[in-house]
Every structure is written in structure tokens, then in C-alpha cells.
Amino acid sequence: MLFDLHAEDLVTAIEGPLVFLRRNVNVGLGDAVEVSHAGGDGRIGRVVAIDGDQVVVELLEDTTGLGIEDARIRFLGEPMLMPLGTGLLGRIFDGLGRPRDGGAPVAARVERRIDLAVINPAERGLPQDFILTGVSAIDVLNSLVRGQKLPIFSAGGLPHDKLATSIAQSARLLKEDGQDFAVVFCGIGVSHDSAESFRAAMEHSGALEHTAMFLNLASEPTAQRLLTPRYALTAAEYLAFDEGRHVLVILTDMTNYCEALREVSASHGEIPSRKGYPGYMYSDLATIYERAGWVEGRPGTVTQLPILTMPADDISHPIPDITGYITEGQVVMDRELDHRGIYPPIEVRSSLSRLMDQGIGEGFTDPDHPSLAQQLFASYARAAQVRILSSVVGREGLTPTDRLYLDFGDRFEAEFVQQTGVRELEESMEIGWRVLSLLPPVELSRLSDEQIATHIRAETASG
Amino acid sequence: MIGDMTAAAVIESVSGPVVKALRHAPLSVGEAVSVGPAGLLGEVVRVSAGQCTIQVYEETTGLRFGDAVIGSGQPLSVRLGPGLLGNIFDGLLRPLQQGGEEVQYTVLPLLEAGEKVQAGQRLARLEGPAKEQFVLVPHDLPEGVLGWIASGSAGENDVVARIALEDGSEREIGMIEHWPVRQPRPVRRRLAPNKMMVTGQRILDSLFPVARGGRAAIPGGFGTGKTVLQETLAKWCDADVIVYVGCGERGNEMAEVLHEFPKLEDPRSGRPLMERTVVIANTSNMPVAAREASIYTGVTVGEYFRDQGYNVTLMADSTSRWAEALREVSGRLGELPSESGYPAYLSSRLSEFYERAARVETLAGKKASLTLIGAVSPPAGDFSEPVTSHTKRYVRCFWGLDRGRAQARFYPAIHPLQSYSEDAANLVEWWTKQGNPNWRAWRERLLVLLEEQANLERMARIVGKDALPAEQQVKLLCADLVGNAFLRQSAFSKVDRYCSPERQTAMLGALIQFFDAAEQAVSEGVSPDDIAGSEFYRRMARMNEEIGEGEADRFAELIAHMEREMATLKRSDVDAV
Ligand SMILES: Nc1ncnc2c1ncn2[C@@H]1O[C@H](COP(=O)(O)OP(=O)(O)OP(=O)(O)O)[C@@H](O)[C@H]1O
Ligand SMILES: [Mg+2]
């Protein structure tokens, strides 16, 4: 169904990215539209509202140069489709899935809608394959499993790009099945520099041919940002479920996505909810994040590592808050750790991996892994309380045991969290046991007597 | 369901799940309709002269101006029947799993032809793959006489009985019943909520118990443990039937239930847990309007099993997503927003929902119950927001999850000082019958101790812990022990994920003896640090992991061990002075 309309009398108004038309053909909500004007290229848009005699089209590209009089509207009669086929990897696409590396378009084997993939919950497989990231604070305490969505909650100026790049380069299964991860990098409103440095890093480690990049740059239209992750995920699903690969999707920066959502919602005149973000932001973000997982009977998996920057470092801001309610945990970066020179500056207590219990322990990693993690969490939580106490009463006012907790907290951060390079799981766990050895065994109530006897080598407690 | 095939209205505008249509035939508010060529299911929410507004329960992308809307003449209803148990459905009770061949049930008649019957009465027992179920006389049937009743094998769609009515007509009764989701099912009368629902979670049963037919809310910020707690209750609580409603939450969590439950055994019946479970899933990426309906669908299913004579527990995770769906639809209808954009009727909807929880005598004269447990997901974990604060007015148990506890991985992260149970007062007798006449006193002692702990810790933060007198230090020690050994209970520990009332009583008893012994010892000069460093203290702190179900004698050993070592401590410490 194609309607090509030259529409002198059709367009009634152009406001920001919205083009208002008088309805004279029967279009469907969500249908793709091409808007062009004399001598200009077609610009892509989609129908966002049908109301009586009016149709509202949202343009996903720049509106400059468009006039009411000379706009030509082409209704494509169907929602936006993405051509998919072999050869996605190694390529760079723009925010609407078109090549931006000068190469030819992907030879389409299928065309798919970018927003329709809802996995039937009854068909989902249970994610439980442990992914080794090489980062102790993640591997031991907040483990990532295949098919999970685990965002990084960061903030301006913190090294989230470095962490994500490192994970993309070194992630592998603990139980080797010989297959590398394919990486889909989705840049949403990112600067040219950060896109380029990711590309360079992947090239440097030889992983570029396993990588597809989708880029909507900071200078490109806002409305496009709402579609970029959907194009990237449609590609990821093709790589996973059609080509049978294990795909790691990095989405950065989801804060830009949410800002775009707020802006577009405001331009539609919708009633805002918390801090001006639309009330449907939860459902909208869910349609992105829920696209992680795997389907029984199909070969590949989609694992998501979204990155967001918390406005004003505030974890209760609607963007991280709503994200945390949808994703399966979060890795939280902390400015104070960063100031103290600790890399990666991961605050393990507010971090969480909800699928960890399914992917660690007997038969997955190490039988003592769960207890080690629980003990580290419990002891570090206590250390944090003691720190507050000591800031009031001073180190001298503490009991001898509490002083040990202070030392434990410092060494946990300096030796366990802090790292250069990547670590094997055994190495990470070894450091965990080592720092726990600072504490007297009576304090280790999460460990069994046997675990204490095997792993805890009492260091000469200096008290 | 859709009878008359002529269009009652045509689409005029579409905004998300809300469709406005020009109406040229009668449609009533609440009527189920079919929308567009794909026959999307919708419900009429408003009618005016020549117009109507419809809430559509499916993805509306692709709907066009002028598409037809067809009325059904029926309110939005769900199809109830014996095939529900063990299966997963969407928000409107349509199966999400394609079943194999048609299930055959064995029909065992409970009445004979010629007997008088009335609404709600049990006609026949059905034996099938899941637990036994019953064919009931429909609620809308006045008195009649049983004309014929089947016996032996029958399928879901077969006629099972015929009832002759007074006016001379006859009504065919099958296994399937359609019921409008927004309408509560009738009961003979409500009963007092004085039977406990055993959850197997110590902090709940011993401190904040919920009665059968009760209503409880679990508010908590993201990642504080609402879902794990609800799943744990769904696994181990002593209900006959579990209705698990995943309302706007994660697909992987539904997958978890579907994968885990069939492998777990109901400790009471020895059957797979899945056989007593119905899962209703509207995950966060499924249509929003169906999310609003899924809660009503769930309660209706719960009432259906209650009417069969069962004790039913419904978990709704999360009621906040339902409230948000209400808000979104309300916004699209152009209604005036109230607090935080929620419609003004949020509060009355919540109260209608929780009001459907009850322990009752069914129309068939059986004692049965429906217990409602709703998770609440307050933005930024702030309990003063509208959904949490209104919910608080309508529930009797409030199990508040605390971020600090969750961050320390202290699970379940229920904060004992922010939680309460109004049912507790009615359950003293129940505990006495379980063999714990001291429950009320012990519970109070624990709660007072936890209160004191909070005060003492505040004080220690100013003066340092060492500066506290020994009798206060020992209080802190006792409270720590309560936390580690009793309140903490990992959902993932094979030994400790379920704790029977007997084991809870034994543990409480051991703790109380410890309090007495430790306070006594300290008053005689033993240092609290020595108690904390002793072997028996470590054993007590780990008793939840080290002493499992059915090992009651080991608690006695533990207490004996404690008394021996405490005596030794007294000798050495006091002698040293
Ligand atoms: N009782 C428990 N025992 C052991 N671990 C628990 C328990 N409760 C919670 N956890 C841990 O906390 C994690 C988060 O819990 P859960 O998913 O239930 O949070 P939630 O409150 O439902 O969050 P959201 O609102 O985002 O859905 C779990 O994945 C699990 O690791
Ligand atoms: Mg949850």
C-alpha cells in the first residue's frame, strides 16, 4: 500500500519534529512516512497520532528547509522495517539502521519491524550461564549471566566507557563453548569521540569484526534516539536468534534516550509525570530492556549492558530508578571511590545482580562462591557502618574488632575492587578470601566451619 | 465471544491503548468489544451520544481510521475451568502456552438425578492432571432439580449435568464458566480471619503473621526482595492454590516460576508445586491496558478456586504497575489527574481490590479463603507516595522492605520496626494450638529487644560501643543474634528456605533461653565479649543453617551446650576478677 501525495493543501502545520496533516488517506498508527520537498532527499518519519481528520507525523530527521507548501508526503503503508541479512558484523550504521561507513547496504534476507519483538514469557529459557568479565566486583559479587540485562549506573566523568569496553573485549563463558560474543554497540546521543574510542579499542583488540555499531551522534536529531536502540536490538536479535550467536549489546547513554523521550512527549503535549518524564517511561523502557534473554529451542542469546549517567549523581532520579525496576540488577559507580583512585569505582553494596543465584555455585562456578559473596557483602556492610561510627568517635573510640573492620574495608577496596587488567575467577576469589582473613573467624557467620578451615589463613591480627 | 458481527462503531482516533469511535448502535459501559480487522479485544469505558471510548487490551499499532468495532453484549469476562492449574495465561486469561491434546477428566457425581440443587453447590468432583476440582451450580441459577448428571470420562467442553428449572426449562451445565472480572463472586458469609496462613518465613509467621483471608502489602524499592519474597511464599506457604500474577514485571521472572515450580515438591502433598499454581503474566513489555485487567483476572481466578472450597493465596507483583496502567489510561482519556498524576479513583480501586480478600463460607457451605499479597514499588523507595500510602489504609499486614538491609544482603530485608500485622492479635490461639502458648509473650520480647537495639545503636554512635554498660552491650549481642539466627532466612538455602511453625517455636525458645542466660551471666560479671567470642554463640548464630526441619532434639542439645559453656565462662571470668 503506497500513497504518494503531493500535498500543497495537506500539511497544516510543522512544529518541531511534528508535521500535522489533514487526513485523506487511511493510514495506520506507527506507519512509516517519507517527507520530502522540492530538491531535497526523503526524510523518514512515522505516524504518531490519528485523530479524527488529523494525522500527526513525527519526523526522525531534521525539519529545516521544510515548508508547508512544498512538502511531499509518501505513506509507506506499513511500519518501519529493518533489512537484515548476513554481514551485519564489522559494520557501522546510523541511528536509523542505514550504513554510515560508506559500505553497501546489508543484503536483506528478511525485513523486520523494529518494535514488535515481545518474547512470550512461556517460551523464555532461564539465563544461567556465568559470564566471566574479568572484573572482581562483578564476577564474585554481582555476577553477569548470559541473557541478563545488567545496566551500569554511572555519572558524568566516571570511567563507565572504559569498563564497558573492557567487558566487551574480554567477556567469555566460564564453561568454554568455543564461541566469542558478538558485540552490538548502540550509541545514543553520544559524542563522536566516545564512539570513535570504542571503535578504536575494539579494532585494537581485534574484535572489530565481531562488532556492529549503531550510532546516533549528539548532533543528530533527538527523535531518532527513540529508534536507535530498537534498530540495534533488532539487529542483535537477528544475530542471536537467526544466526545463533551470543550477543552482548552495549547501550549508551540511556540517559540521552530518556531525555529524548521527555522532549518528544512534551512536543506531543502529553501530561508529564515525575520530573517531566512521561508516565509511560516505565513501559517504554521495558520494551527495550525486556529484549534481553533467550528463547527455548533457539540457539543464541541477547545480553544487555546498558549504561546510564545518573543526573546529579542521584540514584533516586527517575531514570536510574525506573531502570532499576526493570533490569535484573545494576552495577553502580561511585564518585568517591573514583576520587580515591580506585578503578573500577564500583560500589558493591548498591550494586546487585538478580540472576547471580542462578549462575553461581555448585555446577556453575565454585561451590563456595555464594558463601564468599555473602560474607564479603555482610562484612563490607559492617565496615561501612564502622566508618560512620569512627568519623564521630574516632578510631580510638572503636572496639578492637571494629578497628579490624576499618582495615578490612580499606583493603577490600584497595585490593579486591581495585584492579588493573582482567582477573580469572580463581584469582578474584582468592583475593576475597585473603581480605576476609583480616577478620577474626567468629565474625564470619556466613561461612561454615569447613569453609573457614579451608580458605581463611589467619593473618597475624594486629588489632 | 463476539456474537453480532455488524459494526456498532467505527474508529475515529487512536492514542496508545485508547480508541475513540463513532457509534451508531448501542454499546454499554464495560462491554467487551472486538476492534479492527484483527479482532483486538477491548472494553468500552465511556459512551456518549454518537461516540464511545474503548480501552484496547492488545497492541494498537496498525489500527486505522474507520476500522470496525463490534459489540459482544457481554461484560469483559474470563473463562474459568479445570484447565487453569499448572498453566500460564495472559492478563485476560488466554493461554500463553499451546497445550497438547484435550485433557480428559474423570467425573465423579456428588448428587443424584432428582435431587434439589441451588447456586454454588458442588455437583461433581473432577479428577484430572492437577488437584481435584469441582463442578458447581452456576451462581445465576435459581433453585432447580438435577435432571441428569454425567459419570466417567469427559472433556472440558462436554456437558456434565442438566438442571430442570422451575419454569419448566432446562439448563446444561459444563465444566467451563464465564465470569465478569470486575464483579466479585458471591459467598454465603464472611468468617473471622483467625486461622494463620503459614508462610514458612520466620519474620512473618513469628512476628508479622497474616491470617487466611488476610491482605498484606510488600512495599520496597527496586531490588529489595519483593519478588523473591512473593515467589518464596508461593512455594512454601500452606495454601491449596496459588494464583501468581506477574503484573508489569520481568519476563525472566515468569520463566523462573515456570522452570522451577514443576521441579519443586509441595512439602504437604508431595506433588509438584506447579500443580497447585496458576500463573497470570502481563510482563512489562506486554500491552499496558491488559495490565490493568490482569489484577482483576487474578482475583476472579482466586475467587473461583475459593468457591471450590480451597484456601487460595494470590500474589500480585506489582500493584504499582497496575496503578500506573490505570494512570496511563486515565491520562489518555483526558481525566483530571490527582496526586502524582494518578486518577482520583486510585484509592477506591485499591480498596475494591483488597476487599475481595476474605475467609468465607462458600455458597456450598465450605470454609475457604482468598488471601491477597500485593507488592508495591514506590518510586525512589519513598513510602509516602500515593500507591503505598493508599494501600496502607486497606491492608492489615505491612511488610516494609528496607534498602539498607538489602544492601547488606540481609534477607528477607523486611524492616521489623517499620512493619506490622493487625492479624497477630487474632492468631494467639492458633499458635497455642500449635504448641506454643508463649508466642505472644515471646513475640513481644523480640519486638521490644529490636526497638532497644535501634536506640542503643544510636547511642553507640555518639559515645562508642565500648562506653556502653555491660547490660546494654549484652542487649546488643542478643539483638544481633536475633538478626543473624532468626530474622535472616535465605530463600536460596535448601535447609532454611522453609521453616515450619515447630522449628520456629524451637528456635524462638532457644533464643529466649539464651537471652535469660546471657543477661544473668553478665550480671554476674561475665564479659559480653567473651560470650560473643564463644563457640556456642557461633553455633547459635548459625542454627538457621545448621539445624534443619525435623531435628528438634538438636535444639535441646544446643541449649544444653550453651548452658554448659555459659557456666564455664562464669567460672573463668568471675574467678579472674
Ligand atoms: N529472601 C531472600 N533470600 C535470598 N536472596 C534474596 C532474598 N530476597 C531478595 N534476595 C536477593 O535480592 C535480589 C533482588 O530481589 P527481588 O528481585 O525480589 O527484588 P524486587 O524488590 O522484586 O525488585 P523490583 O522491584 O525491581 O522487581 C534477588 O535477586 C536476590 O538475589
Ligand atoms: Mg520484583
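**Exercise 1. Domains and dimensions of chain B**

Determine which domains the assignment gives for chain B, and how far apart the centres of domain 2 and domain 4 of chain B lie.

*Solution.* Step 1: in this predicted model, the domain assignment divides chain B into domain 1 (9-75), domain 2 (102-176), domain 3 (189-394) and domain 4 (439-576). Step 2: taken over C-alpha atoms, the centres of domain 2 of chain B and domain 4 of chain B are separated by 58 Å. Step 3: the C-alpha atoms of chain B fill a box of roughly 95 × 55 × 40 Å along the principal axes. Step 4: the secondary structure of chain B comprises 16 helices and 26 strands, and 59% of its 577 residues count as buried.

**Exercise 2. The surroundings of Ala21(B)**

State whether Ala21(B) is buried or exposed, and identify the residues with which it is in contact beyond its neighbours within four places in sequence.

*Solution.* Step 1: Ala21(B) belongs to strand E2 (residues 18-23) of chain B. Step 2: the relative accessibility of Ala21(B) is 0%; buried means under 20%, and therefore this residue counts as buried. Step 3: once the neighbours within four places are left aside, the contacts of Ala21(B) include Ala9(B), Ile11(B), Gly50(B), Cys52(B) and Val69(B). Step 4: Cys52(B) stands 31 residues from Ala21(B) in sequence, yet their C-alpha atoms are 5.4 Å apart in space.

**Exercise 3. Salt bridges within a chain**

*Solution.* Step 1: the closest N and O atoms of Glu413(A) and Arg340(A) are 2.2 Å apart. Step 3: Glu413(A) is buried at 2% relative accessibility, whereas Arg340(A) is partly exposed at 40%. Step 4: in chain B, Arg356(B) and Glu303(B) form a salt bridge with closest N and O atoms 2.9 Å apart. Step 6: both Arg356(B) and Glu303(B) are buried.

**Exercise 4. The interface of chain B and chain A**

Describe the extent of the interface: how many residues of each chain are in contact, and what area is buried?

*Solution.* Step 1: the contact involves 64 residues of chain B and 77 residues of chain A. Step 2: about 5600 Å² is buried between the two chains, with carbon and sulfur atoms giving 51% of this area. Step 3: Phe222(B), Asn252(B) and Arg409(B) supply 15% of the area that chain B buries against chain A, more than any other three residues. Step 4: the interface holds 3 salt bridges. Step 5: Arg538(B) forms a salt bridge with Asp449(A), at 2.8 Å between the closest N and O atoms.

**Exercise 5. A nonpolar surface patch**

Identify which residues make the nonpolar surface patch of about 280 Å².

*Solution.* Step 1: the patch is made by Met459(B), Ile462(B) and Val463(B). Step 2: Val463(B) is found in helix H10 (residues 439-463) of chain B. Step 3: the relative accessible area of Val463(B) is 43%, so this residue is partly exposed.

Notes
Residues are numbered from 1 along each chain as its sequence is written. Chains are lettered from A and ligands numbered from 1 in the order in which they are written. This is a predicted model: local features need pLDDT of at least 70, side-chain atom pairs count only at pLDDT 80 or more; totals for chains, interfaces and linings use all residues. Side-chain values use heavy atoms; hydrogens and water are left out. Patches are made of residues with over 30% relative accessible area and no salt bridge: like charges are joined within 9 Å, nonpolar side chains (Val, Leu, Ile, Met, Phe, Trp, Tyr) within 5 Å. Accessible areas come from the Shrake-Rupley method with a 1.4 Å probe; for residues, only the protein chains shown count as cover. A salt bridge is a side-chain nitrogen of Lys or Arg within 4 Å of a carboxyl oxygen of Asp or Glu. Helices (H or I, at least four residues) and strands (E, at least two) are DSSP runs, numbered from the N terminus. Buried means under 20% relative accessible area, exposed over 50%, partly exposed in between (1.4 Å probe, protein chains only). Contact means heavy atoms within 4.5 Å. Buried area is the accessible area (1.4 Å probe) that two parts lose on being put together, summed over both. Domain bounds come from an automatic or database domain assignment.
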